[in-house]
Amino acid sequence: VVYAVELQAGSEGRSDRLIPLFAQAALQVMRGGGKNVLPLAVVSAPRVSRRAAEQVLEFAAKYAPDVAAGVFDSEGLRLFRGPSLDDLNAQPAVSIPVGRSGFARDSRNLFSDLNQWMLKVLLANELPDHLLSAPRGHYRNASQLARAAQVSVMSAFRFVQQLQEEGHLRESASSLDLVRRQHLFQRWQASSDKSVREVHMRFRLPGDSQVQLRKVLGSGRACLALFAAADALKLGFVQGVPPHIYVERVQPSSLAAWKNLRPCEAGEQPDVLLRQAAAPNSIFRGMARANGVAVSDVIQVWLDVASHPARGQEQADLIQNCVLAPIINRGG
């Protein structure tokens, strides 16, 4: 079963708030659904009681019997009605801890690995292909975004809901349109300022370093990162830093895959720095290609270099001024 999905998110989980949102979602999904797909209207709120969710489904059965319906909240409640949707149903596993302020603590991370990838998919239309590898299109709802980004519908639902709750989606737009972007990009960059595992490596044999570097990039899931990637994208600014290479894991078993590299001994200068990908989906799905070499996409480079001590902020500023400023400044 394939569904066209329309999601409406509310700030309150009361039935008198959710039922109008459901009616709006049902009208929109019936109007916009394509051939060979079933309509599914979904509403959500931070917390919804089971009784309120059942009242939404009762309304749906009475007034929109041809539309599948769903309700979910941030505490784990999921209640769906429609063909092949029973597996989505769930009750909250545990209550959300409450802090001293009396407000529930929201542990969701807007900049999780998959969420960063979906942000890149939403922004891909505004970047040329050679700077970011991602599907390009406009997406009316979470279901269409999930299909394009090749993630689960529930992951896209949660992502879109959080963007709505935090004011980063234009309410009246016909497709998912990011707003308050300066704040969003500032938060995104700040979330990337964390320690990442790196290993300093040297080539085992002397020779052309560029040829040996290409061998490393071609021997596993890897891509140029940080300043080396900026150079490959013709946005380079910083010289004299050994090339960083993103890999999935930095551990003895995975290092054996790069047979022409060995760990540096004490006092040796590295030829390359292997860097463990903290967000592998976002990094490896979005990586571009420059002269046949896999490189981090331009957004990833901007995120990564900003906190680097070797003039990283200047490199980030150059990328922002040359490429990202129109994207960041669009939508407020």
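## Ring pairs

Rings of Phe, Tyr and Trp (its six-membered ring) count as a pair if their centres lie within 6.5 Å; planes under 30 degrees apart are stacked, over 60 edge-to-face, and the rest tilted. In this predicted model, such ring pairs join Phe111, Phe185, Trp188 and Trp302 into a cluster. The structure holds six aromatic pairs.

One of them is Phe22 with Phe59, edge-to-face at 6.2 Å centre to centre and 90° between the planes. Phe22 sits in helix α1 and Phe59 in helix α2 (residues 50-63), so this pair ties together parts 37 residues apart in sequence. Phe22, at 0% relative accessibility, is buried (under 20% relative accessible area; exposed is over 50%, partly exposed in between, with a 1.4 Å probe and protein chains only). Phe59 is partly exposed at 24%.

## The sheet

Now for the strands: an open sheet of four has the order β1-β2-β3-β4, with mixed pairing. Here helices (H or I, at least four residues) and strands (E, at least two) are DSSP runs numbered from the N terminus, and two strands pair if DSSP finds at least two bridges between them.

Strands β2 (residues 38-45) and β3 run parallel over six bridges, with Ser44 opposite Phe72 in β3. Strands β3 (residues 68-73) and β4 (residues 78-81) pair in the antiparallel sense over four bridges, and Val71 stands opposite Leu79 in β4.

## Reading notes

Residues are numbered from 1 along each chain as its sequence is written, and side-chain values use heavy atoms, leaving out hydrogens and water. As the model is predicted, local features need pLDDT of at least 70 and side-chain atom pairs count only at pLDDT 80 or more, while totals for chains, interfaces and linings use all residues.
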